[in-house]
2 protein chains.
Amino acid sequence: MPPFPIARVLETALYAEDLAAANHFYGGVLGLERIAFVEGRHAFFRCGEGVVLIFDPRSTANIPTTVNGAPVPLHGASGAGHMALAVADAELPAWREHLETSGVAIESDVTWPRGGRSLYVRDPAGNSVELASPRLWGFDT
Amino acid sequence: MPPFPIARVLETALYAEDLAAANHFYGGVLGLERIAFVEGRHAFFRCGEGVVLIFDPRSTANIPTTVNGAPVPLHGASGAGHMALAVADAELPAWREHLETSGVAIESDVTWPRGGRSLYVRDPAGNSVELASPRLWGFDT
């Protein structure tokens, strides 16, 4: 049996080779708070009580690093990843307009059978980023 | 300017071809609450105010689906992805013991210069899963 329940996800990661473009998309268009940017390696953003980590997989899958003598495990994926960000139903229309005026195409706009709605866009690396109402998963807000 | 701040990450996704093994790891070893399992497509888990989605990329990157007439965008990555789950410092020793007795090797145990500690393991698909104290990112809990 697990010793304790896990409280939440702390880090959500996606991959992008063009970190400047990712930085503009996540920090600019989506407005996430930028907390770190290391050219050629990563761009990090705060989001609620967690962080969104964008890594260049050419670095993080291949270049070993250590912290206090312990290895930081390698990782890095190719192909389109996915992440959803919580946006209240009432805020989705303004987000749709903002994305379109920012030059971000709406790939799909889904109304879910159980309630809730999702806007799907692509980040500059081709990852599928969804802006979704939390009630899609049964959360009130 | 973004019309509203984004409240949090709602969905964090990783990919695995062996969903039964992923189901055992995330639902059993880590104890996340299983909310959906569709053989050959996905295994979904609740975690705090968000969800962890494990997709078989052979389905989700290739098989178009629609909801109420709108396409659900395709996505699916290969290679090792990454996610961190929030575990308090005081709970990490018991988690380390639980993982080891569950047959999950500790790939690394990192003490961060700014405070906080991370245990790194691999899920059965090879994704890098980190159990990390939230203070690593400046969160109190």
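Q: Which residue in β10(B) stands opposite B:T111?
A: In this predicted model, B:R117 of β10(B) stands opposite B:T111. Residues are numbered from 1 along each chain as its sequence is written, and chains are lettered from A and ligands numbered from 1 in the order in which they are written. As the model is predicted, local features need pLDDT of at least 70 and side-chain atom pairs count only at pLDDT 80 or more, while totals for chains, interfaces and linings use all residues.

Q: What makes β9(B) and β10 of chain B a pair?
A: Strands pair if DSSP finds at least two bridges between them. Four bridges join β9(B) to β10 (117-122) of chain B, so the pair qualifies. The two strands run antiparallel.

Q: Which strand of chain B pairs with β1(A)?
A: β8(B) does, over three bridges in the antiparallel sense. A:V9 has B:L85 of β8(B) as its bridge partner.

Q: Why are β2 of chain A and β9 of chain B said to stand at the edges of the sheet?
A: The open sheet has eight strands with mixed pairing, in the order β2(A)-β3(A)-β4(A)-β1(A)-β8(B)-β11(B)-β10(B)-β9(B). β2 (33-38) of chain A and β9 (108-111) of chain B each have a single partner strand, so one side of each is left without a neighbour in the sheet. From one strand to the next, the twist averages 20°.

Q: How many helices and strands are in chain A, and what makes a run count as one?
A: Chain A has three helices and eleven strands. In order from the N terminus, the elements run β-α-β-β-β-α-β-β-β-β-α-β-β-β.

Q: What does α1(A) lie across?
A: α1(A) lies across β2, β3 (42-47) and β4 (50-55) of chain A, at about 10° to β3(A). In chain B, α3 (92-101) lies across β10 and β11 (128-132), at about 15° to β10(B). Such angles run from 0 to 180 degrees between N-to-C directions, with axes fitted to C-alpha atoms, for helices over the stretch in contact.

Q: Where do the domains of chain A lie in the chain, and how many residues of domain 1 are in contact with domain 2?
A: An automatic or database domain assignment gives the bounds: domain 1 covers 1-64 and domain 2 covers 80-141. Ten residues of domain 1 of chain A are in contact with eight of domain 2 of chain A, where contact means C-beta atoms, placed from the backbone, within 7 Å. On the domain 1 side, the largest share, four residues, comes from α1(A).

Q: What pLDDT does chain A average?
A: Chain A averages 97, and 100% of its residues score at least 70. pLDDT is the predictor's confidence in each residue, from 0 to 100. The model scores ipTM 0.98 and pTM 0.98.

Methods
Contact = placed C-beta atoms within 7 Å.
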